[in-house]
Amino acid sequence: MLRFEHVSLSYGSQQILDDLSFEIQEGQMAVLIGPSGCGKTTTLKMINRLIEPTAGRIYLDGQDITTKDKVELRRHIGYVIQQIGLFPNMTVAQNISVVPTLLKYSREECDRIVRELLDMVNLPYEQYAHKYPSEMSGGQQQRIGILRALAASPPIVLMDEPFSALDPLTRESLQDEVKNLQQKLNKTIVFVSHDMSEALKLADIIIFMAAGEIVQMASPEEMLEHPANDLVR
């Protein structure tokens with residue numbers, strides 16, 4: 001599904017990422033974790049070509065992503081960031097429909113998608129579809145950010161510490177919802193976190209990074225039982 005082959009990144013003499021090779025299978029939730037500055041967000045941003053590697057190749061469904069037009073590539077990759085990034089002048093329904101509209105979906109199709117997705121996270125259409133982001137709590141806004149990333153049914157969704165600015169209770173309920181959505185929709189999700197308990201709760205596979213390298217890649221159970229070194233432990 002997603003494959004990194006000997007991917008490196010350097011700025012001048014500074015090595016940011018060093019020879020990353022890994023695979024994430026279709027329908028898996030992979031969590032990139034590690035100390036600040038280890039390269040996890042940089043790795044994530046390479047998947048939608050916000051950052052280009054200096055060496056190596058990245059394949060999505062067997063296709064080298066550099067052979068695709070960047071804009072076209074991004075329209076087929078969901079993206080959720082910590083700052084939420086909803087358009088303040090658009091309603092919830094308009095925010096969710098941004099990518100389907102760009103992809104020329106009909107108005108009826110967009111409306112159906114909005115209704116279905118809001119229903120999945122228990123935000124009734126009648127109550128929420130016509131609200132503006134400023135009328136909602138941080139947790140509700142982040143839910144809409146997640147739905148927007150799923151709206152055009154992309155095969156892969158990238159999430160960059162999407163819950164770290166939220167209070168613990170909201171955070172926990174959103175973790176549950178993302179896990180449910182992922183399983184229901186069989187989405188491949190690459191999720192960046194610095195919180196090991198979040199990684200253990202969400203991940204099918206954890207990719208532990210340090211200093212631009214992969215220290216260990218394993219299931220949560222495997223990592224708990226056999227940490228690769230003291231840092232992971």
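The buried residues of helix H7 are covered by elements that include strand S6 (77-81), helix H3 (92-96), H5, H6, strand S7 (156-160) and H8. Here buried means under 20% relative accessible area, exposed means over 50%, and partly exposed lies in between (1.4 Å probe, protein chains only). Helices (H or I, at least four residues) and strands (E, at least two) are DSSP runs, numbered from the N terminus. The model is predicted: local features need pLDDT of at least 70 and side-chain atom pairs count only at pLDDT 80 or more, while totals for chains, interfaces and linings use all residues. Residues are numbered from 1 along each chain as its sequence is written, and side-chain values use heavy atoms, with hydrogens and water left out.

**Helix H7**

- Helix H7 (residues 138-150) has 13 residues and spans 19 Å from its first C-alpha to its last, close to the expected 18 Å; the expected span is 1.5 Å times one less than the number of residues.
- Twelve of the 13 residues of H7 are buried, so the helix is largely enclosed by the rest of the structure.
- Among these buried residues are Gly139, Arg143, Ile144, Ile146, Leu147 and Arg148.

**Nonpolar cores**

- A nonpolar core is a set of buried Ala, Val, Leu, Ile, Met, Phe, Trp, Tyr and Cys residues joined through side-chain atoms within 4.5 Å.
- The largest such core has 42 residues, of which Ile96, Leu118, Ile144, Ile146, Leu147, Met159 and Phe191 touch the most other members.
- H7 supplies the largest share of this core, five residues.
- Another core, of 29 residues, lies apart from the largest one and includes Phe4, Phe22, Leu32 and Val190.
- Leaving aside residues up to four places away in sequence, Ile96 touches Val114, Leu117, Leu118, Ile144, Leu147, Arg148 and Ala151, where contact means heavy atoms within 4.5 Å.

**Salt bridges**

- The whole structure holds 14 salt bridges, each being a side-chain nitrogen of Lys or Arg within 4 Å of a carboxyl oxygen of Asp or Glu.
- Glu126 and Arg115 form a salt bridge (3.6 Å, N to O); Glu126 belongs to helix H6 (residues 125-128) and Arg115 to helix H5 (residues 107-120), eleven residues apart.
- In that pair, Glu126 is exposed at 62% relative accessibility, and Arg115 is partly exposed at 38%.
- A salt bridge also joins Arg171 and Glu198 (3.5 Å, N to O); Arg171 lies in helix H8 (residues 168-185) and Glu198 in helix H9 (residues 196-202), so the pair ties together parts that are 27 residues apart in sequence.
- Arg171 is buried, with a relative accessible area of 15%, and Glu198 is buried, with 3%.
- Lys179 is buried at 13% relative accessible area, whereas Asp204 is partly exposed at 31%.

**Largest pocket**

- The largest pocket contains about 480 Å³ of space; a pocket is an open set of points on a 1 Å grid over the protein atoms alone, where a 1.4 Å probe fits, with protein on both sides within 12 Å along at least five of seven lines, and lining residues have an atom within 4 Å of a point.
- Its lining has 22 residues, and those closest to the centre are Arg74, Ile77, Tyr79, Val99 and Arg148.
- S6 gives the most to this lining, five residues.

Key
Grid points are joined across faces, edges and corners, and a volume is the space filled by probe spheres set on the points.
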